[in-house]
Amino acid sequence: MDFPQNFLRFLVSASRVAILTGAGVSQESGLKTFRDAQTGLWAQYKPEDLASPEAFVRDPKLVWDWYAWRREAIKGARPNPGHYALVEMEKRIPEFTLITQNVDGLHRFAGSQNVLELHGNIQKVRCSQCGTFAETWDDDSESVPACEICGGALRPDVVWFGESLPRDGLESAVNASRSCQVFFSIGTSGVVQPAAALAHAARNNGSVVVEINAEPTPLTPTVDFAFHGKSGVILPELVRAVWNS
Ligand code: APR
């Protein structure tokens, strides 16, 4: 990929960078993006019909089994070159904030340090009543596992549709977006709020906004640079072009 020289010169001198990632950065790790059709048993459901408090009240076991299935799918997934390129970028940029909508934990697995998991982490499970985090649980149990403290139903520690995001994570994400010199939107369709608003907060702050995505999104017309293709290919090429590594 040919990167504009002015873009490379600006990035190599940048000291404050914020990155927003979505399901697209994990696609090359073999994980379906959020809006890809569900497969197999789950093809009959839309994520929105499973990832919500109403769905959990209506049929807690169905929701529990969907997340247990997704945890199983993630078990075999490994970070891809796009995740590792972001680890390299973090080593070279003084103030680097990685904001992710992904709940698969692959950024931390790859070695990224300053990660804000806006939508939570599927590998963590907490009580739906008292909020206590469970150390262990049985993904294959006949019924939804119960909290050892209060007996409430356990649930994944992810943000469901209709739920508010963890305040401290969102605040840090907004602050990073407002103070960065360069904001990257990578592998996200940019349609879900409030994550989609972060790019606008960056632009309003005068940051250079960059999109790296397999296809154009509603954000594309508003960004300074758009690179369309696989993030697992583009990001390593960008790191080599900027830092020759
Ligand atoms: N490289 C770069 N981009 C890719 C790749 C790839 N290899 N594969 C897919 N994409 C792009 C798709 O073109 C799409 O625009 O990644 C984007 C993924 O978009 P979504 O499936 O909408 O996922 P995401 O943007 O992460 O969804 C955001 O919405 O439903 C909520 O909480 C859920 O975190 C999710 C949020």
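The expected span of a helix is 1.5 Å times one less than its number of residues. In the predicted model described here, this rule can be applied to helix α4, which covers residues 60-75. The buried residues of α4 are Val63, Trp64, Trp66, Tyr67, Ala68, Arg70, Arg71 and Ile74. Among the elements that cover these buried residues are α3 (53-58), β4 (120-127) and β5 (154-158).

The protein chain as a whole contains nine helices and eight strands. Its radius of gyration is 19 Å, close to the 18 Å that the globule rule gives for 245 residues, so the chain is as compact as a globular protein of that length. Along the principal axes, the C-alpha atoms fill a box of roughly 60 × 35 × 30 Å. Of the 245 residues in the chain, 49% are buried. When contacts between residues at least 6 apart in sequence are considered, 67% of them join residues at least 24 apart.

The accessible surface of the protein chain amounts to about 11,600 Å², and carbon and sulfur atoms account for 51% of this area. The chain carries 22 positive and 28 negative side chains. The centres of these two sets lie 4 Å apart.

The buried residues of α9 are Ser231, Gly232, Ile234, Leu235, Pro236, Leu238, Val239, Val242 and Trp243. Their cover includes the helices α1, α2 (24-27) and α5 (81-92), together with the strands β6 (182-186), β7 (208-213) and β8 (225-228). Just after α9, asparagine 244 adopts a positive phi of about 45°.

Glycine 206, which follows α8, has a positive phi near 90°.

Two individual residues were also considered. Leucine 98 lies in strand β2. A residue is taken as buried when its relative accessible area is under 20%; leucine 98 has a value of 0% and is therefore buried. With neighbours within four places in sequence left aside, leucine 98 is in contact with Ile19, Thr21, Leu86, His107, Ser112, Asn114, Val115 and Leu116. Leucine 98 and valine 87 are eleven residues apart in sequence, and their C-alpha atoms are 9.6 Å apart in space.

Alanine 14 is found in the loop between α1 (5-12) and β1 (16-21). Its relative accessible area is 7%, so alanine 14 is buried. Apart from neighbours within four places in sequence, alanine 14 is in contact with Ile93, Pro94, Gln181 and Val182. Alanine 14 and glutamate 163 are 149 residues apart along the chain, and a distance of 35 Å separates their C-alpha atoms.

Note on methods. Residues numbered from 1 in each chain as written. Predicted model: local features only at pLDDT ≥ 70, side-chain atom pairs only at ≥ 80, totals over all residues. Heavy atoms only, no water. Helix = DSSP H or I, 4+ residues; strand = E, 2+ residues; numbered from the N terminus. Rg over C-alpha atoms; globule rule 2.2 N^0.38 Å. Buried < 20%, exposed > 50% of the residue type's maximum accessible area, 1.4 Å probe, protein only. Contact = heavy atoms within 4.5 Å. Areas by Shrake-Rupley, 256 points an atom, 1.4 Å probe, with all protein chains shown as cover. Lys, Arg positive; Asp, Glu negative; His and termini not counted. Charge placed at Lys NZ, Arg CZ, Asp CG, Glu CD.
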